[in-house]
Number of protein chains: 10
Amino acid sequence: MLFHVHMDVNLPPDLDPAQRDDMVTREKAYCQELQRAGKWPHIWRIVGEYANYSVFDVDTNDELHQILSGLPLFPYMDITVTPLAVHPSDLRG
Amino acid sequence: MLFHVHMDVNLPPDLDPAQRDDMVTREKAYCQELQRAGKWPHIWRIVGEYANYSVFDVDTNDELHQILSGLPLFPYMDITVTPLAVHPSDLRG
Amino acid sequence: MLFHVHMDVNLPPDLDPAQRDDMVTREKAYCQELQRAGKWPHIWRIVGEYANYSVFDVDTNDELHQILSGLPLFPYMDITVTPLAVHPSDLRG
Amino acid sequence: MLFHVHMDVNLPPDLDPAQRDDMVTREKAYCQELQRAGKWPHIWRIVGEYANYSVFDVDTNDELHQILSGLPLFPYMDITVTPLAVHPSDLRG
Amino acid sequence: MLFHVHMDVNLPPDLDPAQRDDMVTREKAYCQELQRAGKWPHIWRIVGEYANYSVFDVDTNDELHQILSGLPLFPYMDITVTPLAVHPSDLRG
Amino acid sequence: MLFHVHMDVNLPPDLDPAQRDDMVTREKAYCQELQRAGKWPHIWRIVGEYANYSVFDVDTNDELHQILSGLPLFPYMDITVTPLAVHPSDLRG
Amino acid sequence: MLFHVHMDVNLPPDLDPAQRDDMVTREKAYCQELQRAGKWPHIWRIVGEYANYSVFDVDTNDELHQILSGLPLFPYMDITVTPLAVHPSDLRG
Amino acid sequence: MLFHVHMDVNLPPDLDPAQRDDMVTREKAYCQELQRAGKWPHIWRIVGEYANYSVFDVDTNDELHQILSGLPLFPYMDITVTPLAVHPSDLRG
Amino acid sequence: MLFHVHMDVNLPPDLDPAQRDDMVTREKAYCQELQRAGKWPHIWRIVGEYANYSVFDVDTNDELHQILSGLPLFPYMDITVTPLAVHPSDLRG
Amino acid sequence: MLFHVHMDVNLPPDLDPAQRDDMVTREKAYCQELQRAGKWPHIWRIVGEYANYSVFDVDTNDELHQILSGLPLFPYMDITVTPLAVHPSDLRG
């Protein structure tokens, strides 16, 4: 079941660089583990912003919330989730 | 080069049904032709809305505008285009 | 799987009364059939508005879109869907 | 008398963890006591956000304000209250 | 129990003048009857707008919705309802 | 001459409690003095928010600004002022 | 007593030209009569819009509403009124 | 003196095609005449929208308003004007 | 050439009082010097807000930016500039 | 390929002046280097704001994101990117 997710990251510019690097490193590992598991099939950087559009493929709403609230950068993010359905024009639908 | 596109369709409820069916049929054919050409790799229906999130893969901004302004439903749509870049966490990046 | 849905109805004041009554009657029957089926467990009127907050219980996003786009008043509605998860403080969670 | 309430929690990421845990623990106890008393019949987590949609069942507006302003996390919340009425299509109405 | 209500009236400029006069006359009578009954204690015109701020004093949310949805101009209004509580600084509280 | 005023208070959660209590106490005294003088005939708490709707009765715009900018909590408030006129349906108009 | 007023005019493009000319002519006469009376000391066109910023000098809120609601173009306008006070830096204050 | 202008065109989909073509043809001629005169140095299509970003080079605000309000499509446009100054980093500044 | 300017001042409530007084004093002197020079013909306080509406009379956009960016309170302000033209109904136009 | 970019800079007023000067100096050098390379053909100051409208000429979305995210002031900016196409009325199109 697919969900469209917009993530907007707001890190304070004066954050301790070591803390920042640590969080960003853990975020990347967490993200790639979910890609390998097929849960996070798409992630794109929005040009000019510290933000991304992503698509998640999960079994339930609860699974999606567990994944998103576990993001290392979650406390610094504004997240908007939109449920997706098959589009009638989609050749793969 | 990828672009995220939000399309929101506003057809007047009292539109002539034949005109409506004709436009929707042509829209579907136009969309599927672009999918086959690899220009429109993703289209998802937004649950509960006559709207979609799409991803386009084009060579230039001008090509994208030509495609979007050629949509049979273009006069009835609100369209928002967001350029996408490779995300540093994307395994396929 | 639960979803929070906000439905805002915009019927033109000069709509033919017979057409209006017919749509509202079919909307009510459609809604109550889904309540009986356990798919639409909650519907509340928003005070002072021709609008409602509802909760749906469905198996998939596609099922929810099929239900919502089948509403007799769908062409006159603005709908916003929010996926819900179990709250950690919910005694029934 | 039912009210729909949207609560959006904004805890500063650098809040002292002990203070945070204490507040969250007290919030949960407060919430569950009101659930047991039948005052807070529904609470759902909004997927991807530190926020919830709730339904309260109270006798008066004053009682509702007393409950909400007494939330341990109240100083960190944006709260929006919407009064609800019986929907004419509600089978239980 | 008090509620703050904002009513914004949008009559189409080309509405038939007789129909308009009839609705406005019925609106005034309806409003004054509720004032006499103590249900609509305050109504103020917003300067420069065809809109008002009102305060209603009702027993339940359902009673308020019945009153507001019965307004002759209801199909032409945008209405926003805000529940009010006693303010701790109010000398009459 | 009547004015509708919306006051939204934003006190930082980590404000010194003594400073906070002092300001709130002075705010209450200031407010009640103006009620007694007939300048501030109505104040209502907005349910679920640290905010109020008020009505002021003053002779001039300048008098109203003097009153509002003198509020002890003024530096922490977002204030919106709307001038009111007699409504043609008001029985007391 | 001064008020800042923003007027935004929305005439339908297919309005009958004679009706349009008549309204605009009456609007101009009405406006200039109020300028001569000292009630409407300033009116400026907003560049690129069918809109203006104005300043009114009236004795009461009721007088201002009477003036604004009497504008020949009132049914086609969105109007926003902001009360003004003397600025402490104003040399003429 | 430079101004940034955003023009958003809203032509009704059911406009008479001959009237539409006539207006668009006159709009193009009007635009190109101003380009040749050096008054309208830049015009770009916004991808996916019937809208443009433009830059105008005029002597006064009044000249700019005269140009914009003379656009054949002016009655169907939403226009936003932003005055521009030389940027301190501009090599040509 | 006239410009309408909205200035909204956001001073942190815990700003050092001496620094605040110094800035406000310099702001007043700067403002009055420009009034005497005929560059800042109007300034009005917005009732209930630490904000003003002003009208500037300058020769160029660059002159206006130089004036506004030189305001002692500039780093604490949100400023919106709107170019003005002569209104066709203005008796002084 | 052209892109319209809006950059809004939010430097905290209490930023260390040396750090501020250093960043602004590096920003200017970075900007002028890109102007010389033909990548940043236009930059205009928005009058009254610490903001600019710019036009970039790049080969790909990824190149644009690399440029923008490398701005020395990037952590303090809100950036909005809009892809541009040739306008059919553009004489140079």
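The model is a predicted one. Chain A contains 2 helices and 4 strands, which follow one another from the N terminus in the order β-α-β-β-α-β. Strands from chains H and J close into a barrel of 8 strands, and another barrel of 8 strands is built from chains G and I.

**Chain A**

- Taken along the principal axes, the box filled by the C-alpha atoms of chain A is roughly 50 × 25 × 20 Å.

**The interface of chain A and chain B**

- Chain A contributes 28 residues to the contact, and chain B contributes 28 residues.
- About 2800 Å² of area is buried between chain A and chain B, with 61% of that area coming from carbon and sulfur atoms.
- On the side of chain A that touches chain B, at least two residues each are supplied by strand S1 (2-9), helix H1 (17-36), strand S2 (42-46), strand S3 (51-57) and strand S4 (77-86) of chain A.
- Sorted by class, that side of chain A holds 15 nonpolar, 8 polar and 5 charged residues.
- Strand pairing also links the two chains, for S2(A) pairs with strand S4 (residues 77-86) of chain B in the antiparallel sense over 3 bridges, and within this pairing Trp44(A) has Val86(B) in S4(B) as its bridge partner.

**The barrel of chains H and J**

- The 8 strands of this barrel are antiparallel in their pairing and follow the order S1(H)-S3(H)-S2(H)-S4(J)-S1(J)-S3(J)-S2(J)-S4(H), with a twist that averages 35° from one strand to the next.
- One of the links between the two chains is the antiparallel pairing, over 3 bridges, of strand S2 (residues 42-46) of chain H with strand S4 (residues 77-86) of chain J.
- In that pairing, Trp44(H) has Val86(J) in S4(J) as its bridge partner.
- Helix H2 (residues 61-69) of chain I lies across strand S1 (2-9) and strand S4 (77-86) of chain H, together with strand S2 (42-46) of chain J, and runs at about 75° to S4(H).
- Within its own chain, H2(I) lies across S1, strand S3 (51-57) and S4 of chain I, where it runs at about 20° to S1(I).

**The barrel of chains G and I**

- Here the 8 strands close in the order S1(G)-S3(G)-S2(G)-S4(I)-S1(I)-S3(I)-S2(I)-S4(G), again with antiparallel pairing, and neighbouring strands are turned against each other by 35° on average, direction ignored.
- Within chain G, strand S2 (residues 42-46) and strand S3 (residues 51-57) run antiparallel and are joined by 4 bridges, and Trp44(G) stands opposite Tyr53(G) in S3(G).
- Helix H2 (residues 61-69) of chain H packs on this sheet, touching S2 of chain G together with strand S1 (2-9) and strand S4 (77-86) of chain I, and the direction of this helix makes about 75° with that of S4(I).

**Chains without contact**

- Chain D and chain G have no contact with each other, and their closest C-alpha atoms are 25 Å apart.

Technical notes
Residues numbered from 1 in each chain as written. Chains lettered and ligands numbered in written order. Predicted model: local features only at pLDDT ≥ 70, side-chain atom pairs only at ≥ 80, totals over all residues. Heavy atoms only, no water. Contact = heavy atoms within 4.5 Å. Buried area = accessible area lost by both parts, 1.4 Å probe. Nonpolar A, V, L, I, M, F, W, Y, C, P; charged D, E, K, R; others polar. Pairing = 2+ DSSP bridges. Axes fitted to C-alpha atoms, helices over the stretch in contact; angles between N-to-C directions.
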